[in-house]
Amino acid sequence: MTGGAVTGGQARDGGVVRLRVDGTPVEVAEGASVLDATRAAGADVPTLCFDDRLAPSGACRVCLVRTDRGVVAACTAPAEEGVEVRTDDHEVAATVRRVVELMVERIPERALELPTELTALCARLGLERADFDLAGRGLGRDDSHPYVRLDADLCIACGRCVRMCDEVQGTFALTMAGRGADTVVAAGAGGPWVESACVSCGGCVDSCPSGALSGPAAVLTSHSRTADPVTRTTCGYCGVGCTLDVHTRDDSILAVTPALDGPVNRGHACVKGRFAYGFVRSPDRLTTPLVRRNGRLEHATWDEALAVVGRELTRIRDRHGPDAIAAISSARSTNEENYLLQKLMRTAIGTNNVDNCSRICHAPSAAGLIASFGLAGGTNPAEDLDAADCILVAGANVTEAHPVIGARIVQAALHGARLVVIDPRRTELARLADVHLRGRPGSNVAVFNGLAGLLFDRGLVDEEFLATRAAGAEELRKLLADYPPDRVAELSGVSPDALAAAAEAYGTARRPAIVYGLGVTEHLHGTDGVRTLANLAILRGAVGTPHGGGVNPLRGQNNVQGASDMGALPDVLPGYQRVDDPRVRERFATAWGTPVPERPGLRIPEMFDAALAGQVRAMYVFGEDILATDPDSGHVRAALEACDFVVSQEIFLSATAQAADVVLPGSSFLEKDGTFVNFDRRFQRVRRALDPPGQAYTDFDVLCAVGGALGVDLGCPDPAAALAECAELTPVFAGVSHERLDREGALHWPCRGLDDPGEARLYGTAFATSDGRAHLAARPWLPPGEPPDADFPYALITGRRLVHYNSGTMTRRTPNLALAPGEHLDLHPEDADRLGVGDGDPVEVSSRRGTVTAPARVTDEVAVGEVFLTFAFPEVPANLLTSDEVDEATSCPEYKLTAVRLRRA
């Protein structure tokens, strides 16, 4: 918004403006508009070109009001001290009516059949079917895109869609085309919408007031009114944590719209969260349990399936010991479900062999952030990106993997924030950046050390902060003598000039912020990468201070943070309380009524090795397709085959489910109740919009039933009770509950009591380390685990693309498949010439573990000698290739560098 009402006489911007609206005294914040004042007074002034998410344009002239200084467009006119505003002036009302008459006389009468802002305004003004054109201008339709449909005859040229694309999404894909009365929105140069630069966020559909732009089903925007149920929930795709409203009818979804008051997304969403919900009613959803009989998975009743699970897990536990069973929990499921599974393993089975997929993505973040600052989460709320004057993005393709935060960073850069990108690929943000450090994969530590050295050399460190709030400065300074810019260039390929420019941008910023992704963590030395990146924020005093933007990891899956927070890890209980601390174990044992095993359990890669060694005999895999997502998938398959018994709890018959002995059908995020924790430690509610299909249960109920099959009552009758129990045992979550979240909205942890508002910005007074200081890390660069060589001369990087999510299990069952129907191998034009391949030609990619084939996409987004694949398509199983090298501290795999060779297939 442009301003707003003042609460208690205090203006948001420091000043107060007093005026009168229709005789009523009103106070608004300095900088507010006349429209804000009329709203504060309760006056209903119509608008068409206005959207709270956008800068006002005053284009439509529908919000005209009379003031004692003349007739003004309320959305653009500033509220001024002492002004008298009249919203009920008859002459102005007649002008507004005439403006709308002129607008609709070229709009076809079918517009009246749509529940839009325009038709609501027409009804208010008394305009009827006769005021509209009979057939319209004959400008045609564009139905080429699966999610965004254009009926050009309905366009009123208000420009909201264009401004939404520019000001919120930052894609600049739309424009106004044509002349005079035929001016309408167009995508790109006027070709089919689906071939344009549109990223399918749906912002234009949400903002359109006339129905010219609509979604795949009925017109339903964030401004529409519907009598159908609407459920407020949190998105189940990436870790941004967008708030969504799910519109349903007859147990099916009509539409999903981003909530205007969503604390993170603020009325925005991406193609996945906004549109990719069709998977929930896919015909191949699992709706009944499956049990393997005579080598085949066959339908079974719940009683039969649970009896098999209870019998086999009990047999293996009693014969081989509790540590012969291991479980992989789900980063896509709720906190309450993750809490329940780790409790089940520690109580019903008696082992700490439980882990989750943060092991293979962000385990180095937890280890590195704890070592540097004390807590296993990002340091600052997403809102601090808006105030940053320099944003350093390391190892993250944010506009594709976390589009809503990516759009936020784009807007910050367009409004003057310096942007530094450290990434081997030329991503969208890299193209926009002031400085792009294009280091070779595996060179992060060298680059971060080089930047730290320049901060010291150029006097850009905060000496007072280092003296009073940090430790390890002298040791780090000595190490950095080995990383002058020339040596960093040798190790990374980053030029000394570019390194110096990046250091200057970050080092001179008043409010610098760091965000990073899997390009930092998924390396042999990923924890060192996190530590040396955190060094930069410590050196600048940019964490734990009012001017600090901090260090935030961008979580890949919706609840990676929460799954770990809930103790679905082999060495910690909820809240990262160590299992080897006898006082912690005693507290949990007293509450749970059974001893907690004291020896840390196995990490995911160790589980597979132990299975092949005959030590792990059963695996429970909850909500993860480990045969698609884990590295060296041949090794993973061999481990599953070596087990006596495998359970998969899933919503589709994934590759992992096909390898299981029992498959238990679960629920999607749209069918469950609970909470997620997003990338900035924000607890948010997840609410059930649909029932699970067929005989499927919610995952929470499945886990309770499995506990019962093992003879254990897990003691949590519903998700609210599970979170309450967790909060009672976990000091940093003590103030979090379903009731409070429903009442107050999101809460950041730490939240230590019912009166604690939560700690959005960490370490304001002290760090959570043993000495209360931030710890600098003197870590040398060490070579990657599998660099290219003469036999395998190319570096394979794996990651994600905008349209598909993770292994594609959900998005490939939606119209997203029309936007990206298959995988392709990104390779540089010079490498394509050398191989004799062009766009679309098949390329065989081989590593020391396997071979896959994919069509080429020739692009300079990758550097010479580097190629890129995702793992979203089973026909190109990229993880058949990936290395078995893992981070030395956390066992996180080195997905970001695998040596491969190429040939034209």
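Colleague: How many contacts beyond four places in sequence does the model have for residues 1-13?

Modeller: This is a predicted model, in which local features need a pLDDT of at least 70 and side-chain atom pairs count only at pLDDT 80 or more, while totals for chains, interfaces and linings use all residues. Residues are numbered from 1 along each chain as its sequence is written, and side-chain values use heavy atoms, leaving out hydrogens and water. Over residues 1-13 pLDDT (the predictor's confidence in each residue, from 0 to 100) stays under 50. Counting a contact as heavy atoms within 4.5 Å, the number beyond four places in sequence is 30.

Colleague: What pLDDT does the protein chain average?

Modeller: Residues 221-225 also stay under 50. Over the chain, 97% of the residues score at least 70, and the average is 94.

Colleague: Which residue of strand 37 is the bridge partner of glycine 799?

Modeller: Strands (E, at least two residues) and helices (H or I, at least four) are DSSP runs numbered from the N terminus, and two strands pair if DSSP finds at least two bridges between them. Strand 33 (residues 794-799) pairs with strand 37 in the parallel sense over five bridges, whereas strand 34 (residues 825-827) pairs with strand 37 in the antiparallel sense over two. For glycine 799, the partner in strand 37 is threonine 870.

Colleague: Which residues of strand 37 point the other way from Glu866, Phe868 and Thr870?

Modeller: In a regular strand the side chains alternate between the two faces of the sheet. Strand 37 covers residues 866-870, and five of its five residues are buried (buried is under 20% relative accessible area, exposed over 50% and partly exposed in between, with a 1.4 Å probe and protein chains only). Opposite to Glu866, Phe868 and Thr870 point Val867 and Leu869.

Colleague: Which ring has the charged end of arginine 425 over it?

Modeller: A charge sits over a ring if NZ of Lys or CZ of Arg is within 6 Å of the ring centre and within 35 degrees of the ring normal. Arginine 487, at 5.0 Å from the ring centre, lies over the face of tyrosine 483. The charged end of arginine 425 is 3.6 Å from the centre of its ring, that of phenylalanine 868.

Colleague: How many disulfides does the structure hold?

Modeller: A disulfide is a pair of cysteine sulfur atoms within 2.5 Å. The closest cysteine sulfur to that of cysteine 161 is in cysteine 158, and at 6.1 Å this is too far for a bond. Cysteine 357 is in no disulfide either, with the sulfur of cysteine 361 at 4.6 Å. The number of disulfides in the structure is zero.
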